[in-house]
Amino acid sequence: MIRDKRRIDPETGEVRAQAEGSPAPEAPADGGAGKTGKADKAGSEEVSSLQTQLSERLADLQRLKAEYDNYRKRVERDRVAVREQALGQVLMELLPVLDDIGRARDHDELTGGFKSVAESLEAVTGKLGLVRYGEKGEPFDPNVHEALMHSLSPDVTETSVVDVLQPGYRIGERILRAARVAVADPDPDAEKPADGPGGPDGESGE
């Protein structure tokens with residue numbers, strides 16, 4: 001028996017249904033798993049490459065940000081230093097005037113219009129950060145004091161300021177002028193006070 005295997009009927013021109021028993025198209029032996037596996041591997045490598053590039057770009061951005069932050073801080077420090085230096089130079093020129101005001105106050109000569117002007121000047125310099133320091137009785141500190149006179153005294157237990165010859169001035173931590181002072185050390189030959197009313201042992205001499 002001869003079978004017409006043509007898919008299109010020559011008489012009707014229609015596509016014939018697949019004859020029974022005709023072999024179906026063969027599927028790939030691995031079901032396409034080979035192509036899928038290669039595609040997955042290629043996609044995984046691409047994702048890994050993109051993650052590596054992203055990590056590198058992120059590290060670059062973090063480094064640039066750190067450099068910018070350091071630059072900004074350095075510029076700010078320099079700006080503050082320049083301001084303090086310029087301000088210090090101006091205030092240094094005013095220190096002799098402030099010294100005259102201080103001496104006039106000590107001699108009760110700070111009166112009238114001179115007093116008003118003097119107080120205004122002191123207020124302005126104070127707002128600019130100028131601080132006067134140096135008091136009798138405070139411990140001597142060679143970092144902020146300049147000792148012009150030295151003596152021994154039984155009234156002190158450590159090297160101390162006993163007189164302020166010229167006050168010191170500073171701006172923040174910067175010393176514009178050290179306080180010029182007279183200092184005294186404890187007198188090693190001074191008599192030590194007795195332990196009690198009757199002498200070292202607290203007994204009366206009788």
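Biologist: How many bridges join strand S4 to S5, and in which direction do the two run?

Modeller: S4 (residues 168–171) and S5 are joined by 3 bridges and run antiparallel. Two strands count as paired if DSSP finds at least two bridges between them, so S4 and S5 qualify with 3. This is a predicted model, in which local features need pLDDT of at least 70 and side-chain atom pairs count only at pLDDT 80 or more, while totals for chains, interfaces and linings use all residues. Residues are numbered from 1 along each chain as its sequence is written, and side-chain values use heavy atoms, with hydrogens and water left out.

Biologist: What pattern does the chain follow along the sequence?

Modeller: The pattern reads α-α-β-β-β-β-β-β, from 2 helices and 6 strands. Both kinds of element are DSSP runs numbered from the N terminus: helices are H or I with at least four residues, strands are E with at least two.

Biologist: Why are S1 and S5 said to stand at the edges?

Modeller: The open sheet has 3 strands in the order S1-S4-S5, with antiparallel pairing. Strand S1 (130–133) and strand S5 (174–177) each have a single partner strand, so one side of each has no neighbour in the sheet. The twist averages 35° from one strand to the next, with axes taken as lines fitted to C-alpha atoms, for helices over the stretch in contact, and angles running from 0 to 180 degrees between N-to-C directions. S1 and S4 are joined by 4 bridges and run antiparallel; Tyr-133 is partnered there by Gly-168 in S4.

Biologist: Why is His-145 called buried?

Modeller: His-145 has a relative accessible area of 6%, and buried means under 20%, exposed over 50%, partly exposed in between (1.4 Å probe, protein chains only); therefore His-145 is buried. The residue lies in strand S2 (residues 145–153). Of the 206 residues of the chain, 18% count as buried.

Biologist: How do you know that the side chains of His-145 and Glu-138 make a polar contact?

Modeller: Their separation in that contact is 2.8 Å. The term covers a pair of N or O atoms within 3.5 Å; within protein, one must be able to donate a hydrogen and the other to accept it, and residues adjacent in sequence count only if both atoms are side-chain atoms. The pair of His-145 and Glu-138 counts as such a contact.

Biologist: Is Thr-157 buried or exposed, and why?

Modeller: Thr-157 is at 76% relative accessibility, so it counts as exposed. It is found in the loop between S2 and S3.

Biologist: What sets the phi of Asp-108 apart?

Modeller: It is near 55°, a positive value in a residue other than glycine. Most residues other than glycine have a negative phi. Asp-108 lies in the loop between H1 and helix H2 (112–127) and is exposed at 67% relative accessible area.

Biologist: What makes a set of grid points a pocket, not a cavity?

Modeller: On a 1 Å grid over the protein atoms alone, a cavity is a set of points where a 1.4 Å probe fits but cannot get out, while a pocket is an open set with protein on both sides within 12 Å along at least five of seven lines; lining residues have an atom within 4 Å of a point. The second largest pocket has a volume of about 170 Å³, where volume is the space filled by probe spheres set on the points, joined across faces, edges and corners.

Biologist: Which elements give two or more residues to the lining of the second largest pocket?

Modeller: They are helix H1 (33–106) and strand S3 (160–166). H1 gives the largest share, 5 residues. The lining includes Asp-99, Arg-132 and Tyr-169.
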